Amino acid sequence: MINVDQSMIKDTIISLKRGEKGIIGNFSVDQIPVKLQEMGCLPGNEVQVIQLAPFKDPLYLNINGNNVAIRRETALLIEITKLS
Amino acid sequence: MSKPLNVALIGNPNTGKTSIFNLLTGLNQKVGNYPGITVEKKEGTCRLPNGTKAHVVDLPGTYSLNASSADEQLVVETLLSKNKKDYPDVAVVVADVENLKRNLILFTQIKDLQIPAILVVNMADQMERRGISLDVAMLEKKIQSKVVLVSSRKRTGIEQLKNLLEDYRSLAVSKTIHMADIDHDYFDRLQQAFPEQDLYSLWLVVSQDVPLTKIDDELQSVNNYSERATPEIKRLQQKETIARYLFINRFLKDVYQVDSSKATDWRSLLDRVLTHRVGGYVAFFLVMLLIFQAIYNWSSVPMDFIDESFVRLSEWAGNHLPAGPFTSLLAEGIIPGIGGIVIFIPQIAFLFLFISLLEESGYMSRIVFLMDRVMRRFGLSGKSVVPLISGTACAIPAVMAARNIENWKERLITILVTPFTTCSARLPVYLIIIALVIPDRTILGFNLQGLTLMGLYALGFAMAVFSAFILDKILKNKARTFFVIEMPAYKLPLAKNVLYTVIEKTKSFIFGAGKIILAISIVLWFLASNGYSDDFYKADEIVRAQVENAQLSDEEMETAIASYQLRHSYIGILGHTIEPVIRPLGYDWKIGIALVTSFAAREVFVATLATIYSVGSDEEETIKVRMSTDTNARTGEKLFTFPTGISLLLFYAFAMQCMSTLAVVKKETNSWKWPLIQLVLMTGFAYLASMIAFQLLK
């Protein structure tokens, strides 16, 4: 059996289940639209998954108090730290 | 008289900006050349308390001045055009009380352009219910501007806003953040390159993804700045956004508090059902079913009434006005022609009503969320759902609504396939043909004719999606896709807003179509009541000679003469010339004429038949009755049989028969290539589909 060090795999928004929250960490600025950042998607802000469409795509999120939906491919690029 | 004051209404989508516009201007407003909410420039006037006239422009909803769609680009360009006549003297930035923080981002950007700005906090009546408290005086101090609490629902705060507009010169013009503080190195260099210009304006030009073109000449040259469009820009944009949030966060918690325990959470309750992975789709289907059944059932009473009224009006004109060509033109050309379109007002109004309700309530965004993944498989975006649904009203505003789609390829495909959706101009054609060939029966509680209509709408969508799938395979992708959509709060639609939209759109539809129909009716009447041969002028003698032996009543004789005369009129000759082309589709020459005239606009079809059937006949009958009893002169059988009806329905479902749509597609894609492709492919496909259907069914 291969032993994977869990701390090496960074959580992103897609690791959150419905209702779970996280704190936004790093992302590469040229891959995330400015519009999403202006909606509050900035390092340090809170994100919560409100609802998932079938196949978990798109994701309906609450980011820093704003309700937005983004696609899985974008959510995959935004690192988070889970809040329990 | 003094020059009117230029006021620009700016704000995030879903903040109720349009309600503020309606409250300010009342019905003194006009929407470009075509129907549409805030997609094209919407302007109006209002009188301020001191008598000054204010010219108010309702700019498209925008989240920020970093444009990511064509709509947002228009806003930035307006604000960077000091020399143009629409440049605002004062900006009214509309914010929604629930999303104040995010709305303030846009406000700080407007302030930084040094345009005098007033902040309107809308939906103030919701504050208590949502447990929000706001210290207006403190907020005014912090943002160095005036703040007005407005409730468009309760109509409060508008007078205060008008007073502030009057006094706009006393508004402080100051910046909120200084670009140079973000990165001295970069911004000092930019300023040195254009020492005459304002630094933030320069930054806006340099940082846009798409070069701005409609801006002041002095700023145009900035587009060539060497440090445009570098990866550095993205990093600086993020720093700028963080700086703006820092500015806002410094005071927001002192002036704005939310006590969530006081709020009733309708939002999550509704979202649990309406965005659910199963329940959401069931709800969506039920909503659509309800809409189409309603359109069909609710409007039948007023429609029958209008139909009868026009027949009576036409008859009255024929009997009471002095006989002559003018009366004949009026009674046989203009009145039936106009009646042919007026009859559809109830249905079109209902359609606009429902679309307006979907948008105003916030439900449309949920549909976008639910449909995005499905639509993406066909090269579309969830946001394509908005054009596709509003395309059921009219393809023109729908094609323009595609501007909100950030990705060019997805946007182009959406524009190209939107005309397949069943627009309100097809409705008259569908309804009359359905009434003729589909039995009026009830199956499982649903009206069969209503179901057929819904089936045609489904066919339109299916065709749109199918052609999108093909286009997706053919077209090359230019840029990567971003998809961000706000999920606004659910709102009870404002009766006034909905009413304005319905009136405005129905009016443009009727007058737009009315002009074409009036002109075509006159031409058709002339062509149908004149001819050049003896066959036309001596129809009476010829027919009497032909049927000498047959025992015909006076009435039958008259009908026979009239139809012989029509056959030999100009239009009859023209119709017979094109008949061979359309015969494989099951049409006769009369339908052929209607087909030709409806290339200007589909709804002309019914008006054309109405005019053709009215000429030379003075019986009191509705168009429907005349069409159902008409026979095909060649075969002697009933003209509108089931196969012919289906073939016609398919032709109108697929063919590109709308000059205005072609014009707007040309405008939105900036080339004749795309509208021409639409015209040829759609119409060619329609011809084939109708021919196959007719040949199989007959």
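A salt bridge is taken here as a side-chain nitrogen of Lys or Arg within 4 Å of a carboxyl oxygen of Asp or Glu. By this rule the structure holds 21 salt bridges over all chains. The model is a predicted one, in which local features need pLDDT of at least 70 and side-chain atom pairs count only at pLDDT 80 or more, whereas totals for chains, interfaces and linings use all residues. Residues are numbered from 1 along each chain as its sequence is written, chains are lettered from A and ligands numbered from 1 in the order in which they are written, and side-chain values use heavy atoms, with hydrogens and water left out.

Chain B is divided into domain 1 (5-170), domain 2 (179-260) and domain 3 (265-530 + 569-698), the bounds coming from an automatic or database domain assignment. The centres of domain 1 and domain 3 of chain B, taken over C-alpha atoms, lie 36 Å apart. Contact (heavy atoms within 4.5 Å) involves 30 residues of domain 1 of chain B and 25 residues of domain 3 of chain B. The two domains bury about 2,400 Å² between them, with 54% of it on carbon and sulfur atoms; buried area is the accessible area (1.4 Å probe) that two parts lose on being put together, summed over both. One salt bridge is counted between domain 1 and domain 3 of chain B. Seven residue pairs across this interface are in polar contact, both residues being at pLDDT 80 or more. A polar contact is a pair of N or O atoms within 3.5 Å; within protein, one must be able to donate a hydrogen and the other to accept it, and residues adjacent in sequence count only if both atoms are side-chain atoms.

The interface between chain B and chain A takes 42 residues from chain B and 34 residues from chain A. About 3,400 Å² is buried between these chains, carbon and sulfur atoms giving 56%. Gln238(B), Phe369(B) and Val484(B) supply 19% of the area that chain B buries against chain A, more than any other three residues. Between the chains there are four salt bridges and 16 residue pairs in polar contact (both at pLDDT 80 or more). Helices and strands are DSSP runs numbered from the N terminus (helices H or I, at least four residues; strands E, at least two). Those of chain B that each supply at least two residues to the side touching chain A include helix H10 (231-255), helix H16 (363-376) and strand E12 (484-486). The largest share of that side, seven residues, comes from H10(B).

Strand E4 (residues 66-70) of chain A pairs with E12(B) in the antiparallel sense over three bridges, where pairing requires at least two DSSP bridges between two strands. In this pairing Val68(A) stands opposite Glu486(B). Glu486(B) also forms a salt bridge with Arg102(B), at 3.1 Å between the closest N and O atoms.

Arg71(A) and Glu410(B) form a salt bridge with the closest N and O atoms 3.5 Å apart. In the salt bridge of Arg376(B) with Asp57(A), the corresponding separation is 3.1 Å. This pair crosses from helix H16 of chain B to the loop between strand E2 (46-52) and strand E3 (59-63) of chain A. Most residues other than glycine have a negative phi, and most peptide bonds are trans. In the E2-E3 loop of chain A, which holds Lys56(A) and Pro58(A), phi of Lys56(A) is positive, near 55°, and the peptide bond from Asp57(A) to Pro58(A) is cis, with omega near -5°.
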